[in-house]
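Here is a short tour of one protein model for someone new to reading structures.

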Amino acid sequence: MINKKILITGGAGYVGSTLIGQCLKLGMKVRCLDLLYYGKKSLKDYLDNKNFELVIGDIRDENVLEKSLIDIDFVVHLAALVGDQPCLAAPELAYQINYIGTKKIIEVSKKKKIKKFIFASTCSNYGISSDKQLANENSELNPVSLYAETKIDCEKLISEIDDKDLNCFILRFATAFGVSKRTRFDLTINSFSYEAIKKKNLFIFGENTWRPYIHVMDMSIYILKFILSDNSNEIKNKNSIFNTGFTQENFTKKNLINFILKYLPNTKIHYSNNVEDKRNYRVNFKKIEKLFELKPTINVQKGIEEIIEFINTNENIDKLFKSSNLEAINSFFSKKNNLL
Ligand SMILES: NC(=O)c1ccc[n+]([C@@H]2O[C@H](COP(=O)([O-])OP(=O)(O)OC[C@H]3O[C@@H](n4cnc5c(N)ncnc54)[C@H](O)[C@@H]3O)[C@@H](O)[C@H]2O)c1
């Protein structure tokens with residue numbers, strides 16, 4: 001039993017709803033702060049747990065933050081406007097939530113003497129990089145989206161925090177895949193698998209572009225390693241950026257298609273050279289691999305098997321697919337009482 005209390009912002013989302021389950025299993029007390037863009041179905045297994053508490057509120061609201069951070073040991077800050085499309089559709093909101101919201105929660109975390117603060121960043125920050133050389137934490141960043149720009153601004157802010165004020169970790173996550181209590185279908189592996197099953201055709205652009213991938217469960221495992229293991233205790237904020245994933249899990253889109261074809265051999269693949277994929281990066285995860293020596297619990301091939309099984313056996317799958325990030329966020333903010 002771990003007698004500690006953790007605040008997870010954005011806990012109702014794809015990553016957070018998996019992380020909450022892991023923390024509760026360890027006997028931790030969990031408070032989730034979330035605006036619930038996607039409702040609270042993802043939390044239904046936790047709502048009756050005496051160690052779980054839900055605060056419905058906005059990370060931009062300082063009063064909400066003050067209350068949410070009472071008696072908390074660790075903060076995992078996941079809440080954000082996530083992905084290129086939602087950020088492009090509402091740039092001011094993206095800046096306010098992703099950057100200003102992060103700045104505010106950092107200030108309150110300092111005041112409340114939080115022991116460890118984890119920030120979810122992204123390997124999208126690398127944008128376009130040479131696919132001959134693997135990007136490490138010191139490589140140049142070439143963001144190709146506002147989403148990544150907001151994350152880079154937060155990284156700069158966090159790296160400069162005095163170690164005495166707050167102990168921070170910045171996890172640059174690979175692209176996630178896999179099933180969670182709010183499975184996202186705007187992620188490459190999940191969406192390719194859905195299209196292959198439902199449409200039997202896949203239209204692929206940028207087939208030779210690279211990206212690293214990580215299962216949503218492994219994201220939680222890494223977050224918990226930073227929080228609970230002593231290995232991370234001496235790391236200074238200026239050295240706190242970690243590419244978070246596995247070096248062996250870098251693949252091109254064509255590699256992914258070949259994996260999918262093993263399970264769904266009748267899928268017709270249409271490669272297009274007319275559209276270019278601006279994102280192309282291979283990532284080196286040696287720094288984190290050296291620190292924790294973890295291997296993927298579910299690698300990409302296993303994850304494809306898992307998501308295919310989920311799609312084939314879930315009655316509401318089309319509804320789930322359609323409630324994509326952008327649609328759900330638009331509908332959330334179009335309701336009268338939800339502040340922009
Ligand atoms: N999934 C990935 O591939 C991936 C990769 C790299 C980094 N990340 C990062 O991990 C974090 C979690 O991603 P996810 O895939 O779970 O996203 P998600 O969209 O599923 O979850 C985000 C959650 O944050 C909440 N939220 C948004 N704005 C809020 C606000 N102002 N106040 C309170 N709650 C708010 C939403 O309601 C939602 O439940 C994000 O910061 C994301 O940038 C994700």
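The ligand has 32 residues around it, and Gly10, Gly13, Ala120, Phe173 and Ala176 come nearest; a residue is near a molecule or strand if its C-beta atom, placed from the backbone, lies within 6 Å of it. You are looking at a predicted model, where local features need pLDDT of at least 70, side-chain atom pairs count only at pLDDT 80 or more, and totals for chains, interfaces and linings use all residues. Residues are numbered from 1 along each chain as its sequence is written.

**Around the ligand**

- β2 (29-34), α4 (91-111), β5 (116-122) and β7 (175-177) each give at least two residues to the shell around the ligand. Helices (H or I, at least four residues) and strands (E, at least two) are DSSP runs, numbered from the N terminus.
- Sorted by class, this shell has 19 nonpolar, 8 polar and 5 charged residues. Here Ala, Val, Leu, Ile, Met, Phe, Trp, Tyr, Cys and Pro count as nonpolar, Asp, Glu, Lys and Arg as charged, and the others, Gly among them, as polar.

**The sheet**

- Follow the order β3-β2-β1-β4-β5-β6-β10 to trace an open sheet of 7 strands with parallel pairing. Two strands pair if DSSP finds at least two bridges between them.
- At the edges are β3 (52-56) and β10 (241-244), each of which pairs on one side only.
- Neighbouring strands of this sheet are turned against each other by 20 degrees on average, direction ignored. Axes are lines fitted to C-alpha atoms, for helices over the stretch in contact, and angles run from 0 to 180 degrees between N-to-C directions.
- β4 (residues 74-77) pairs with β5 in the parallel sense over 4 bridges, and Val76 has Ile118 as its bridge partner in β5.

- Helix α5 (residues 146-159) lies across β5, β6 (168-173) and β10, and runs at about 150 degrees to β5.
- Helix α7 (residues 216-228) packs on the sheet too, touching β4, β5, β6 and β10, and its direction makes about 150 degrees with that of β5.

- Which residues touch the most other members of the largest nonpolar core? They are Ile118 and Ile223, in a core of 85 residues. A nonpolar core is a set of buried Ala, Val, Leu, Ile, Met, Phe, Trp, Tyr and Cys residues joined through C-beta atoms within 7 Å.
- α7 provides the largest share of this core, 8 residues.
- A residue is buried if 20 or more other C-beta atoms lie within 10 Å of its own, exposed if 12 or fewer, and partly exposed in between, with C-beta atoms placed from the backbone.

**Strands β7, β9 and β11**

- β7 and β9 pair in the parallel sense over 3 bridges, and Ala176 stands opposite Ile214 in β9.
- β9 pairs with β11 (residues 250-252) in the antiparallel sense over 3 bridges, where Pro212 has Asn250 as its bridge partner.

Terms used: Contact = placed C-beta atoms within 7 Å.
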